[in-house]
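Dear colleague,

Please find the structure below, handed over for your files. My notes on what was found in it follow.

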Amino acid sequence: MEALSLTLRSVFSDKARQVERQKAQFEKRKITLRHLLDFESNELKRLKAIMKSYDDSPLMPQINRNNDAFIIELKRFMAQDVPDPCAPIYRYERRLKSIINAHFLRYQYAVLYQDILQEWQLRSTKPEPLIDDTSSELYDLSRSKEEYRRFWESNVFVAKETNQNAIADWLQGFFISTKDNTQAFENFKAEVAGFEKSMKSNKKHFTKYTLNWCLWGLLRSDLLTDGKKQVLIAMNQDTEAQGDMIDVLNMRMNTLDDWTWPEAGVSTEQRWSVADKYRFFHDEDLMDALLLRYIGVK
């Protein structure tokens with residue numbers, strides 16, 4: 001199961017990159033907050049600035065279980081129209097700073113742990129030599145298959161000339177042509193905004209249950225190669241691998257604004273269909289496939 005081994009190493013490396021990226025983002029936010037506090041002397045405004053940074057950061061837990069009572073008490077205090085002048089604001093600030101610093105320290109330890117594991121992994125495994133998938137020794141493409149690929153590439157990678165102003169005018173006219181259309185369009189935008197807000201407020205999208213239905217949904221589809229389907233089945237039977245996949249996917253969802261396709265692009269697979277023609281399928285990374293499956297179903 002060399003493919004499974006390579007995939008697990010890929011998941012592990014991805015997890016390490018996600019932790020490092022989150023640490024860097026959290027550190028940047030922490031530095032920005034520190035600069036802001038350097039120029040703010042009002043105790044209440046300082047406390048509100050720290051609390052806003054805590055609440056707004058997608059990298060912080062919604063409420064740390066060990067600080068439930070404190071966070072609730074602090075939010076009640078800040079919600080008062082006239083804050084209690086006897087409240088120990090400096091203690092609130094010090095406690096809140098300690099929570100943020102503790103979270104940053106966890107990131108530092110997590111990165112150190114990932115570095116140690118990665119070094120151990122590199123020392124204990126020898127990578128197999130890469131095989132050039134485009135080698136003529138492996139594939140002898142028929143002329144028909146080559147022609148299908150050239151035709152597909154000409155449609156995908158060559159921009160089609162269109163009248164963008166005419167298209168924009170037509171769409172604008174359609175959505176405001178009648179009162180019902182206008183109202184339906186406004187309702188649609190509100191639903192999309194609500195969906196996006198609910199997705200961002202959820203800090204733990206993936207659980208064993210979520211991963212399971214995403215995984216089996218992919219296995220029942222024709223989106224994956226046979227080899228990758230076998231890898232998914234094997235990973236689903238490995239409890240430790242499941243845990244790593246859940247961690248990585250939750251990290252990606254919590255920093256979804258930073259997600260991009262790989263710089264090298266996404267490969268495609270050309271398959272002969274029963275309709276006597278070739279069809280093209282994305283051959284994306286398994287973690288990307290699971291992520292996109294979840295977002296698409298949601």
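**Salt bridges, rings and confidence**

Arg149 and Glu153 both belong to helix α5 (residues 143–156), where they sit four residues apart, about one turn of the helix. Their side chains meet in a salt bridge, at 3.6 Å from N to O. Arg149 is partly exposed, because its relative accessibility is 23%, and Glu153 is likewise partly exposed, with 31%. Please bear in mind throughout that this is a predicted model.

The count of salt bridges comes to three. Another one joins the side chains of Lys189 and Glu186, with 3.3 Å from N to O. These two residues lie in helix α7 (residues 179–201), three residues apart, again about one turn of the helix. Lys189 has a relative accessible area of 38% and therefore counts as partly exposed; Glu186, at 40%, is also partly exposed.

The remaining salt bridge is between Arg252 and Asp288, at 2.5 Å from N to O. This pair links distant parts of the chain, since Arg252 lies in helix α10 and Asp288 in helix α11 (residues 286–297), 36 residues apart. Arg252 and Asp288 are both buried.

Helix α10 (residues 239–254) also holds Gln242. Its relative accessible area is 14%, under the 20% limit, so Gln242 is buried. Beyond its neighbours within four places in sequence, Gln242 is in contact with Lys208, Leu211, Met235 and Asn236.

Turning to the aromatic rings, the whole structure contains seven aromatic pairs. One of them is the stacked pair of Trp170 and Phe174, with 5.5 Å centre to centre and 10° between the planes. Both residues are in helix α6 (residues 164–175), four residues apart, about one turn of the helix. Trp170 is exposed, because its relative accessibility of 56% is over 50%, whereas Phe174 is partly exposed at 40%. Ring pairs also link Trp170, Phe174, Phe175 and Phe185 into a cluster.

As to confidence, the protein chain has a mean pLDDT of 76, and 80% of its residues reach 70 or more. Confidence is lowest in helix α1 (residues 2–38), with a mean of 72, and highest in helix α8 (residues 208–220), with 88. Over residues 127–141 pLDDT stays under 50, and the model has six contacts beyond four places in sequence for them. Where pLDDT is low, predicted coordinates should not be read in detail.

With kind regards

Note on methods. Residues are numbered from 1 along each chain as its sequence is written. Side-chain values use heavy atoms; hydrogens and water are left out. Buried means under 20% relative accessible area, exposed over 50%, partly exposed in between (1.4 Å probe, protein chains only). Contact means heavy atoms within 4.5 Å. Rings of Phe, Tyr and Trp (its six-membered ring) pair if their centres lie within 6.5 Å; planes under 30 degrees apart count as stacked, over 60 as edge-to-face and the rest as tilted. pLDDT is the predictor's confidence in each residue, from 0 to 100. A salt bridge is a side-chain nitrogen of Lys or Arg within 4 Å of a carboxyl oxygen of Asp or Glu.
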